[in-house]
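The exercises below ask the reader to work through a structural model step by step, with each task followed by its solution. Please have the sequence and the coordinates open while reading.

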Amino acid sequence: MTTAKAVKKVPQYCYQCVAGPDLYTVKVEDGVATEIEPNFSACEVHPGAGKCCVKAFGIIQKTYSPNRLLQPMKRSNPKKGREEDPGFVPVSWDEAFDIIGAKMQEIRAKGLVNEHGYPRAAASFGGGGIPTYYMGTFPAFLAAWGPVDFSFGSGQGVSCTHSEHLYGELWHRAFTVCPDTPNCNYVLSFGGNIEASGGVVGAWRHGEARERGMKRIQFEPHLSVTGAASAEWVPIRPKTDAAFLFSMVHVLLHEMPRESLDIPFIKHHTGSPYLIGPNGFYLRDPTTKKPLLWDLKRNAAVPFDTVDTDPALDGSFTLDAIEVGADEQTWTHNGFTAETAFGKLIARVQPYTPEWAEKTCDIREGTVRRIAAEYVEFAQVGATMEVDGETLPFRPVSIQFGRTVNNGWGAYECCYARTLLACLIGGLEVPGGTLGTTVRLNRPATTRQASVKINEDGFMYYPMNPTDKANWKAKPAVRNAHDTMVPLSANSPWSTALGPTHFSWMFMKESPENWPKVTAPDIWFCYRTNPSISFWDTKELSKRIAEFPFIVAFAYNHDETNHMADVLLPECTDIESTQLIRIGGSKFIEQFWDHEGFALRQPAVKPAGDTRDFTDIATELAVRAGLLEKYNEALNRGSACVRLKAEDYDFSLDTSKRHDAQTIWEHTCRAASAELTGGQASDGLDWFKENGLRTRPISRLSWYLFRELKMKGIRFEMPYQERLYRVGVELGNRLHEQGISWWDVQLEEYGGLPKVLDFPGIWEKETVRQAGADALQQFPYWLITSRSMQYAWGSNVGVQLMEEMSDSVRGHNGVLMNTQVALGMGIQEGDMVEVSSYVGTTRGPAVLSQGIRTDTLLMMGQFDHWVTPYAKDLHKPSMNSLIPMSMALTDSTGSSADIVRVGVRKLEGMH
Amino acid sequence: MTRYIMTADLRRCIGCQTCTAACRHANATPPGVQWRKVLDIESGEFPDVRRSFVPVGCMHCADPPCMHVCPSTATYQRDDGIVGINYDLCIGCGYCAVACPYQARYIVHKAEYAYSERAGANEEARFDPARMSVAMKCNFCQDRIDAAKETGLTPGVDPEATPACVNSCIAGVLAFGDREDPNSNVSQLLAENQFFRMHEELGTDPGFYYIFDKK
């Protein structure tokens, strides 16, 4: 007779990618986790019907993998490097903490900042903030520590949508940008792989939209998953997206009737009517210094905020005004004949005809004209929609970008054109149109609306890093120098990791001219990140990591980065430990909720081996560093999720005592319940364990920022970029005062109106510079990449199920290349090929496809593993060992792209 | 009468393989054994290329070739249309696997696990020796459907009574229900949309419908 199994379903959340969180349950039979299912009880509040994507299903194998580290380890070989055996030996948690504690005390005794001004402690986490949702209270430990350098990147600036982060926040509080998919009818997607990178909610929303007839046109060099699910695929030449978009602007402004655009929006809700002076700055009222526009009602120049005006968009107007340039340089103009910003724009885009675009993008001019016309037609200029009792403009067209389009040279111009095209039809931040998701640079981060404040020129305030002489930081606070070099990166907790994160690695090897020496941190914490394989020029980067004197790795298994670690601390997996997080509101990639609240993950099964809950690890680190009180204070301030004390409630922790994980999360859950109910409820951890989540409804009006700008009398900062121009000139002045000229090319990107350059040519020229005159013959192809839903962000490359699932999606297994091209080279499906750039080589089986341009190759993943169990035996190619870390390929925001010129050859006798 | 069928809306499918992973979990199949799988199919020549994602598996045919060739009567057909396999009767001859036009059957002769010769705790907990050397395939999660008779839940509507692949689908591709009930979700979908069935010309009367456009 068999005994009935004890079965329970335990609510959890999945935040393995930036498109989360999603909600699921794990089925536990007799104490063993056996099955993942969507959390059906959440289907009414979760915008993806309560489902979770394929990645979540990997957590069970991950938990029971024989490759897990199950006890703390210390390094026995003091030499570090790829070729060195670290000689990890098991130690007790006490011994591990003794080693780390001694190091932390030693560092704190020396001072938190080293002799070069850099924090002695550094920490790196995987991208998108995801690790935060698994590291329990470690953020409170970091807050208690003091200055920490987060600028050793592991792909930030490349694997994210970097330019969108910075310019999106500047123009419409959009750390990421997406269509209002539930209401949108026409989407132009430039390399945006939403069906792979948009997570459950992205897939769900776009599936619904396609069924009701939304048309999406996909522009990209290969036919991705998203291209497959689109109405049309346009195989654009790599890195020419900006040319196509500017040509669309040309068609709208030079070929279509002006009245087909949203003229009231352009006049009253953008900076289009502002008058431009001869030095490229706004003409301003001499008394108030406010930018001027020409009022057709008064036939006179008036300050931008004058009531009851009819601003002129076109034409020349003679006036007296002042112009204020960089470093407060001021010019006075009498009787100057000025043009509007809009007029300047019309002139700027005049050369970008569809015929010009055809040559640049390899797309027929008729296609450019047809798509531009469809874009305007679908926009339904003049239409409105009711949202929660308010009437808002309705413009159901949008433009979406993926990475590479959004990174490095050419990305700024893409972001600019996209935002401008939305403004021209009145479709920015309105129902159906182009929306931002959240803020990460502006503050407060509670809502996008809360961060909207007017500046003196009638646009949104933006927290630029200072470039004026008195306040510019000549000496960077962190090693990637984002605060010195990238004004747009601002200075929020996210800013450091968004800057040029490759600079930290590059400058450690060799500082550029007249630059402060960059040194290794005394202690480096790393978690859910593996820059040894996930960034560029991975061989060189691994050498830099090997130079770090003391590394603490929170480790699931042995990998290429923790190979250099001094201590490995094995933490519990997602379903073995506890954490409460915020859910709801609006967040990347397309997480738009009608609710907000909190969700819990919890121990569904006992921790394997001697692994520990990350919260208990963080608490012990705080104790060993002598920071318990500060750590508890940080928890009380809300560092781990929610403030433990507010006007309506007080669930503060006693700051003098050590609290275990369950106590900390009990207090946190009670505070969360109270926050959501205005102090009415105080349900704790047990309640959340049973229910999994707690939410309250929010208005969908919070999705659309236009309403907020209109209420506050703020214009979108389009089309003229006076602020960026000023910042660029000032930054140039500061750098030149320091004798720094190696950023001059980047400084050219700061201008009033962007230009379309030969962006592919920048990569081609660098290839020739590095590899010689015949380099383009030697490396005739573009190598690009594409997002994988199965792998991206998940730290799951060692999970068998993910390999099996990805195996069914074309491109994961090798080097994707055009069938005709391959056959012409004698390469058959499955033949081993070697792909080389001037940096390195990689190899893998050829995957032949008609769905890729003849000048392009594609590699999906980052599989250069040489230590990670399971992954190291996959023998898949990785583009990371082919891409240089290069100043020349870095744009003014500190970003470059996953693209490189390569050659390919068949490896005879290998299959 | 009842005939349970599944529909797949090809406009929605993105080939993410979530349904496949969910099926692997729900049915505890070993690595590589995918009762539900999604094909990634390319057609045409550059630049006029289409890429399609097509969920496949047992079609639960009304006239199943696999059943007709089964020498041991292990393969059977239920009154509700579900085609099943009695592992106690199956001799693992493989005739059914050859006869199935949809390549929906698997036979595993040796226990295989995710990482090694040794089962993980989850694999150990769910290992079923009855499945060795017998034919296996999708059974529309028939245990859930059978349980629904007791609980009163509606297959295809209530998650507890619905196949795991349908429950898990993140793009709303898959639906399940009774084709004979004109008010069921699947009957409504088929009334409103154009569809086809795979290899219909073979006369198998498959119970898996592919929706591709509105009527």
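This is a predicted model: local features need pLDDT of at least 70, side-chain atom pairs count only at pLDDT 80 or more; totals for chains, interfaces and linings use all residues.

**Exercise 1. Describe the side of chain B that touches chain A, by number of residues, by element and by residue class.**

Begin with the totals: the contact takes 42 residues from chain B and 49 residues from chain A. Next, assign the chain B side to its elements, where α1 (18-27), β2 (37-45), β3 (48-56), α4 (121-126) and α6 (164-168) of chain B each supply at least two residues. The largest share, seven residues, comes from α1(B). Finally, sort the residues of this side by class, which gives 18 nonpolar, 14 polar and ten charged.

**Exercise 2. Determine how domain 1 and domain 2 of chain A meet, and which element of domain 1 gives the most to the side that touches domain 2.**

The division of chain A sets the terms, with domain 1 covering 73-159 + 478-569 and domain 2 covering 758-906. The centres of the two domains, taken over C-alpha atoms, are separated by 27 Å, and 30 residues of domain 1 of chain A are in contact with 25 residues of domain 2 of chain A. On the side of domain 1 that touches domain 2, the elements that give two or more residues are α14 (482-485), α16, α17 (531-534) and α18 of chain A. Of these, α16(A) gives the most, with four residues. By class, this side of domain 1 has 13 nonpolar, twelve polar and five charged residues.

**Exercise 3. Work out how helices α16 and α18 of chain A are oriented, and which residues form their contact.**

Two packed helices are described by the angle between their axes and the distance between the axes. Here helix α16 (residues 501-509) and helix α18 (residues 538-546) of chain A pack at an angle of about 75°, with their axes 10 Å apart. Angles of 65 to 115 degrees count as roughly perpendicular, and α16(A) and α18(A) are therefore roughly perpendicular to each other. At the contact, A:Trp505, A:Met508 and A:Lys509 in α16(A) meet A:Glu540, A:Leu541 and A:Arg544 in α18(A). These residues divide into three nonpolar, no polar and three charged.

**Exercise 4. Locate the largest nonpolar core and trace the contacts of A:Leu275.**

The largest nonpolar core has 341 residues, and those with the most contacts inside it are A:Met248, A:Leu275 and A:Leu783. Its largest share, eleven residues, comes from helix α13 (residues 411-424) of chain A. Beyond the residues up to four places away in sequence, A:Leu275 touches A:Tyr282, A:Leu283, A:Leu292, A:Leu293, A:Trp294, A:Ala301, A:Phe317, A:Ala338 and A:Thr340.

**Exercise 5. Decide whether A:Asn514 and A:Trp793 are buried or exposed, and place each in its loop.**

For A:Asn514, phi is near 60°, a positive value in a residue other than glycine, and its place is in the loop between α16 and β22 (523-527) of chain A. With 11 other C-beta atoms within 10 Å, A:Asn514 is exposed. For A:Trp793, phi is near 70°, again a positive value in a residue other than glycine, and the residue lies in the loop between β30 (781-784) and α28 (800-806) of chain A. A:Trp793 has 24 other C-beta atoms within 10 Å and is therefore buried.

Technical notes. Residues are numbered from 1 along each chain as its sequence is written. Chains are lettered from A and ligands numbered from 1 in the order in which they are written. Two residues are in contact if their C-beta atoms, placed from the backbone, lie within 7 Å. Ala, Val, Leu, Ile, Met, Phe, Trp, Tyr, Cys and Pro count as nonpolar, Asp, Glu, Lys and Arg as charged, and the others, Gly among them, as polar. Axes are lines fitted to C-alpha atoms, for helices over the stretch in contact, and angles run from 0 to 180 degrees between N-to-C directions. Angles under 35 degrees count as roughly parallel, over 145 as roughly antiparallel, 65 to 115 as roughly perpendicular and the rest as oblique. A nonpolar core is a set of buried Ala, Val, Leu, Ile, Met, Phe, Trp, Tyr and Cys residues joined through C-beta atoms within 7 Å. A residue is buried if 20 or more other C-beta atoms lie within 10 Å of its own, exposed if 12 or fewer, and partly exposed in between; C-beta atoms are placed from the backbone. Domain bounds come from an automatic or database domain assignment.
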